[in-house]
Amino acid sequence: MPEKKKQHYVPKFYLKFFSTVANQKRIKLCLKKTDKIIQNADLQNQAQEDYFYGKDLEREEWFGNIEDKTSVILKEVVKTKVLPKNKSDEYYWIWMFILLQAYRTRANADEFNDMVDKSLKAIMKFEPKFKDFKYDTHFFAYDDAIEKTLDILLKSLPMMMDMQIKLLFNETSKEIITSDNPVSKYNQFLESRNFPYGHCGMASKGLQIFYPLAPDLILVMYDPKVYKIGNRKQFSKIQINETDVEFFNSLTCLYANEALYGTSNVSDFQFEKLLERSKKFQNQKKLELKQFKPTINDDETESITVQHHRTPFMLHPNLSFLKQTQHAKSYRLSGYFAEIRDERYRSRKSRY
């Protein structure tokens with residue numbers, strides 16, 4: 001096999017945290033579409049595609065270097081159940097790794113191309129020369145969608161610097177699971193305000209990002225102006241209950257592309273019930289477009305604006321470890337299409 005042909009969009013070192021046997025070469029797999037469960041799937045073959053990042057290997061090697069550094073840090077976190085010191089170099093390696101993981105998967109690339117396709121077709125319908133175009137037989141997409149989304153992420157990083165990371169600890173009898181698209185987003189703040197537009201853009205006020213780290217650990221990245229998690233100096237070993245674990249697993253299932261993963265302690269029945277519960281929420285997340293009437297420019301050409309956002313999953317959780325701050329309770333929504341954490345970015349577009 002050519003060197004580095006198999007390119008993982010969820011790292012092997014990470015999946016090993018959920019492996020089923022001591023040698024860490026096997027993992028319990030549940031296929032989302034068919035409900036098929038494989039007790040000891042080959043971990044090597046999970047969450048990967050041939051040349052997913054390209055045959056030139058430049059991006060594959062870039063991710064490899066980041067994983068080499070971050071894997072050492074995360075393995076220590078899994079072992080000790082303690083995060084690195086707040087705002088330390090190791091802390092920011094984890095911060096970066098979570099965001100990169102959110103943007104490097106097959107599910108993310110497909111979602112991005114879905115937005116490209118629908119937005120382009122919406123604009124084309126204003127152009128007379130496409131009157132007879134057969135829209136249903138064409139799909140517009142980038143071959144290098146991952147490059148495009150990573151470019152968006154890297155340009156958006158300054159908007160994310162205010163986000164805080166803490167480590168939640170699961171001592172319940174139920175284990176946390178993961179998937180082939182392990183990073184999930186939520187926004188209880190905007191959900192509680194019945195905000196009608198996108199909830200989970202990079203700059204959204206009240207954004208929450210969850211990353212299962214091990215059966216007993218989950219990382220949460222959140223807006224500290226809106227939520228209080230633990231006390232001000234507590235960053236690790238924040239206890240969660242079984243209801244919290246059920247919410248995290250449901251959200252992981254909803255965000256998963258094709259596969260759910262867990263240890264052998266996660267029963268077939270638990271996977272089956274999780275898939276069954278998620279079905280009533282699965283169609284909530286979809287791309288919505290708002291088309292504005294063409295405007296005439298100074299040179300008499302027309303401009304067309306298409307505003308898009310993804311409707312969020314709405315599970316209405318009551319998380320035991322989290323409270324909204326007084327700032328959040330007294331905050332008045334701006335009335336814009338996107339509710340932004342930092343006013344400096346008001347004029348910039350959030351991804352969703």
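This is a predicted model: local features need pLDDT of at least 70, side-chain atom pairs count only at pLDDT 80 or more; totals for chains, interfaces and linings use all residues.
If you zoom in on strand 2 (residues 26-31), you'll find four bridges joining it to strand 3, the two running antiparallel. One spot to look for is Leu29, whose bridge partner in strand 3 is Ile38.

Now over to the helices. Two packed helices are described by the angle between their axes and the distance between the axes. For helix 4 (residues 106-124) and helix 5 (residues 145-160), the axes come within 9 Å and cross at roughly 90 degrees. An angle of 65 to 115 degrees counts as roughly perpendicular, so that is how helix 4 and helix 5 sit relative to each other. Helix 4 brings Asn108, Ala109, Phe112 and Asn113 to the contact, while helix 5 brings Ala145, Ile146, Lys148, Thr149 and Ile152. Sort these contact residues by type and you get five nonpolar, three polar and one charged.

Then there are the aromatics: the structure holds 25 aromatic pairs. Tyr91 and Tyr92 make an edge-to-face pair, 5.2 Å centre to centre with 90 degrees between the planes. Tyr91 is buried at 3% relative accessibility, whereas Tyr92, at 25%, counts as partly exposed. Phe195 and Tyr197 are also paired edge-to-face, at 5.8 Å centre to centre and 80 degrees between the planes. Here Phe195 is buried, with a relative accessible area of 7%, and Tyr197 is partly exposed at 26%. Finally, have a look at Phe13, Tyr14, Phe17, Phe18, Phe97 and Tyr211, which form one aromatic cluster.

Notes: Residues are numbered from 1 along each chain as its sequence is written. Side-chain values use heavy atoms; hydrogens and water are left out. Axes are lines fitted to C-alpha atoms, for helices over the stretch in contact, and angles run from 0 to 180 degrees between N-to-C directions. Angles under 35 degrees count as roughly parallel, over 145 as roughly antiparallel, 65 to 115 as roughly perpendicular and the rest as oblique. Contact means heavy atoms within 4.5 Å. Ala, Val, Leu, Ile, Met, Phe, Trp, Tyr, Cys and Pro count as nonpolar, Asp, Glu, Lys and Arg as charged, and the others, Gly among them, as polar. Two strands pair if DSSP finds at least two bridges between them. Rings of Phe, Tyr and Trp (its six-membered ring) pair if their centres lie within 6.5 Å; planes under 30 degrees apart count as stacked, over 60 as edge-to-face and the rest as tilted. Buried means under 20% relative accessible area, exposed over 50%, partly exposed in between (1.4 Å probe, protein chains only).
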